[in-house]
Amino acid sequence: MNKLGFGALHFPKKDEEQIDFESLNAMVDTYLASGRTFFDTAYTYGNSEWALGEALSKRHPRESFQLCTKLPGYQCEKPEDSQRYFEEELERCKVEYFDVYMLHWLNDKNYRIAEKLGQFDFLKKLKAEGKAKRIGFSFHDTADLLDEILTAHPEVDCVLMQLNYADWESEAIQAHRCYDTAVRHGVSVMVMEPIKGGTLSTLPEKAAQMLAQIDPESTPSAMALRFVESLPGVEIVLSGMSSLQQIEENVRSRKELTEAEREAMLRVAEEINSETEIKCSGCGYCLKGCPQNICIPNYFRMYNEVKRAPGDGWKITPAYDRAIQTHGKASECIACGQCEAHCPQKLPIIDNLKKVAEEFEKKE
């Protein structure tokens with residue numbers, strides 16, 4: 001069993017701007033050589049579409065891979081903008097069609113934009129023309145909204161949603177309920193955040209011990225992938241891999257979870273969530289447009305580390321002090337709310353930044 005898709009959000013880089021194409025080419029080649037073929041990108045993933053055009057489309061026959069990208073419908077102002085973005089994405093990716101084309105980031109606000117501008121009709125037109133083999137959307141909202149969308153649009157082939165064992169019973173993410181809703185509507189489920197932005201690869205000590213008892217031969221990352229790959233309605237599990245080592249590890253075959261193993265992993269999830277004060281996945285969407293240039297996910301990661309191991313505060317505080325040399329301090333948040341509007345986890349980021357400031361900016 002292996003349903004791994006290549007998530008093209010975090011490519012290896014030589015520096016902050018320049019992609020390391022020697023490494024990326026090796027990653028693409030190794031992934032394809034393993035028999036896997038699905039690549040996922042989006043218009044708003046920096047220069048990801050262009051990079052895949054160079055590393056994938058220019059170097060491999062079109063029939064040897066599947067490519068999915070997404071329309072930034074929330075950036076559209078008029079119906080004709082959809083066609084303009086689509087043609088630009090074809091050019092960036094150096095292809096003549098997409099195997100899967102999605103509306104990006106549907107929540108209540110963005111869904112209303114999609115309806116107003118006829119974006120589902122645009123997807124149907126692309127499919128009829130053969131320019132999109134399958135159509136769907138990526139989703140960040142409640143199960144009730146997902147049910148509303150899929151009821152109104154039975155033409156949809158697939159939905160990309162956040163699923164992992166730590167969020168399975170989350171009231172904010174509603175992973176379990178969203179999965180059940182998609183299966184009930186008969187659409188294929190594609191998964192993002194299976195390792196929750198990498199946070200499920202390094203666990204609190206007790207949770208790691210519990211997970212190791214389930215399968216001592218497996219890594220935390222592999223167990224997280226096994227959990228979602230074992231769900232029968234799941235077709236593709238995307239992992240945002242940034243190194244050849246990650247590719248080599250993730251393309252290995254994995255056993256389907258037994259029901260007992262699944263229940264044990266949900267107990268591990270309870271332990272993880274009890275020890276993680278700020279449940280940030282590290283996706284980085286909150287960074288877009290921050291006027292103070294605050295590196296929110298990094299600060300939250302440091303905060304969680306010091307709360308799990310208070311005795312290590314002396315080690316972690318210097319890392320915070322280094323970070324604020326090039327980024328805004330947590331205390332410099334102006335509470336504009338842009339970060340919270342973009343957060344898939346629906347976290348109270350402004351309040352959490354106050355906690356970070358209190359922890360790391362203590363006055364002597």
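Mentor: Happy to! The structure holds 26 salt bridges, where a salt bridge is a side-chain nitrogen of Lys or Arg within 4 Å of a carboxyl oxygen of Asp or Glu. Before we go on, please keep in mind that this is a predicted model, in which local features need pLDDT of at least 70 and side-chain atom pairs count only at pLDDT 80 or more, while totals for chains, interfaces and linings use all residues. Residues are numbered from 1 along each chain as its sequence is written, and side-chain values use heavy atoms, with hydrogens and water left out.

Let us begin with arginine 92 and glutamate 49, whose side chains meet in a salt bridge at 2.8 Å, N to O. Arginine 92 belongs to helix α3 (residues 81–93) and glutamate 49 to helix α2 (residues 48–57), so this pair ties together parts that are 43 residues apart in sequence. Helices (H or I, at least four residues) and strands (E, at least two) are DSSP runs, numbered from the N terminus.

Two other salt bridges sit within single helices. In helix α5 (residues 119–128), aspartate 121 and lysine 124 are three residues apart, about one turn of the helix, and their side chains meet at 3.5 Å, N to O. Lysine 124 is partly exposed, with a relative accessible area of 38%. In helix α15 (residues 349–360), lysine 354 and aspartate 351 are likewise three residues apart, about one helical turn, and their salt bridge spans 3.9 Å, N to O. Lysine 354 counts as exposed at 56% relative accessibility, while aspartate 351 is partly exposed at 44%.

Now return to helix α3, which has strands around it in the chain. Together, β3, α3 and β4 make a right-handed β-α-β unit; a crossover is right-handed if, with the strands pointing away from the viewer, the path from the first strand over the helix to the second runs clockwise. Strand β3 (residues 66–71) pairs with β4 in the parallel sense over four bridges, and two strands count as paired if DSSP finds at least two bridges between them. Within this pairing, threonine 69 stands opposite tyrosine 101 in β4. Strand β4 also pairs with strand β5 (residues 132–139), in the parallel sense over six bridges, and there leucine 103 has phenylalanine 137 of β5 as its bridge partner. Nine of the nine residues of β4 (residues 98–106) are buried, so this strand is largely enclosed by the rest of the structure.

Finally, a word on the cysteines. The structure holds zero disulfides, a disulfide being a pair of cysteine sulfur atoms within 2.5 Å. The sulfur of cysteine 93 has its closest cysteine sulfur in cysteine 68, and at 10.0 Å that is too far for a bond. Cysteine 93 is buried, at 1% relative accessibility. For cysteine 283, the closest cysteine sulfur is that of cysteine 286, and 6.2 Å is again too far for a bond. Cysteine 283 counts as buried too, at 18% relative accessibility.

How values were computed
Buried < 20%, exposed > 50% of the residue type's maximum accessible area, 1.4 Å probe, protein only.
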